[in-house]
Amino acid sequence: MSTLKNIIKPLKNDLKLFQKEFDSSLNSNVRLINIVSKYLIRNRGKNIRPILTLLAARLCGEPSLNSYRASAMVELLHLATLVHDDVVDDATIRRGFTSINKVWKNKISILMGDFILSKALINMISIKDFDALECISNTAEKLSSGELLQLEKSITKTMSERVYFDMIKQKTASLIACSCELGAITTKKKKADRKAMHLYGENLGVAFQIKDDLLDLLGSENEIGKNKGGDIKRNMLTLPLIYAKRKMSGRENRVLKNLLNQFKKNKNVLDKIENIIKETGGIDYTTNKLNYFSNQALKIIEPYPKSEFKESMVNLVLFNKNRNS
């Protein structure tokens, strides 16, 4: 299985140009902003979204200056949502490091998230392409709607499988789909390429969120770089739990409900919930869905000619399926 390091090898020069655009976007005359920015950049993740923008651009044509600006823009938007999410979730860890809301408290975190979002908007305007503007604007609306839908369902503690998939398509898959589509928009702008890249990204994005849901239950806290069982602690109903609830008897559901209703869900409670999910087939069912959406993503790029960029897009799907963080 290819590592992320091997996946990005064909993009060596492209990623340097992305990094230049990204770094310049976060420059500020305010010392505090630069300090927090450096902390965020140092602890930044895998750059999956800009990587996808650049791979899609290479698959569909030749990257332009707008391709690099778009790749920086999607990473800025993603970073802003993560900063805000950590405040909403009262997270203490992000990618193995103390989250910025725990270092600088909520007020600075929210304002920092707003600053990064404003920088993403400036980048968006600099692209001066209506199709790109429409793609990212629609995505920004979906990101907020998806998060609010999830919060609503966590309060009511209800979530059907249909609503779950609608929610993750908005809150996670929409930005990954847009990242890929921007690669096509900033090169040859062919409608067929735009559609294919969007669908590839959407299916990969759904698979990405499903994998995150599995890692939240099964992953090692040291590896996943955040608090294990965070979804359950925040009453977030993810696919393994939705399936388990659907398959259990009334008595079993009452036992699970009592565990979920506990104010402080310690390791013992989380272990019991995890065992119930495993015993009812929730993990196997979710893994099958992960495989399904991964295969859908691979089918969409199958018609494209063989190239190192296509190979990287295939390997990125496989990388997601097998990742531990």
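This report walks through the helices, nonpolar cores and ring contacts of the structure above.

The model is predicted: local features need pLDDT of at least 70, side-chain atom pairs count only at pLDDT 80 or more, and totals for chains, interfaces and linings use all residues. Residue numbers start from 1 along each chain as its sequence is written, and side-chain values use heavy atoms, leaving out hydrogens and water.

Let's begin with helix α10. Helices here are DSSP runs of H or I with at least four residues, numbered from the N terminus. Helix α10 covers residues 191–218, and its 28 residues reach 40 Å from first C-alpha to last. That is close to the expected 40 Å, where the expected span is 1.5 Å times one less than the number of residues. Of the 28 residues of α10, 21 are buried, so the helix is largely enclosed by the rest of the structure. Buried means under 20% relative accessible area, exposed over 50%, and partly exposed in between, with a 1.4 Å probe and protein chains only.

Next come the cores. A nonpolar core is a set of buried Ala, Val, Leu, Ile, Met, Phe, Trp, Tyr and Cys residues joined through side-chain atoms within 4.5 Å. The largest one has 61 residues, and those with the most contacts inside it are Ile116, Leu182, Met197, Tyr200 and Leu316. Helix α5 (residues 65–89) gives the most to this core, with ten residues. A second, separate core of 31 residues includes Val206, Ile242, Met248 and Leu270. Back in the largest core, Leu316 is in contact (heavy atoms within 4.5 Å) with residues including Leu4, Ile7, Ile48 and Tyr200, leaving aside neighbours within four places in sequence.

Now for the rings. Rings of Phe, Tyr and Trp (its six-membered ring) pair if their centres lie within 6.5 Å; planes under 30 degrees apart count as stacked, over 60 as edge-to-face and the rest as tilted.

| Pair | Centre to centre | Plane angle | Type |
|---|---|---|---|
| Phe18 and Phe22 | 5.8 Å | 40° | tilted |
| Tyr243 and Tyr285 | 4.1 Å | 15° | stacked |

Phe18 and Phe22 both lie in helix α2 (residues 12–25), four residues apart, and both are buried. By contrast, Tyr243 in helix α13 and Tyr285 in helix α16 are 42 residues apart, linking distant parts of the chain. Ring pairs also join Tyr164, Phe165, Tyr292 and Phe293 into a cluster.

Technical notes
Helices (H or I, at least four residues) and strands (E, at least two) are DSSP runs, numbered from the N terminus.
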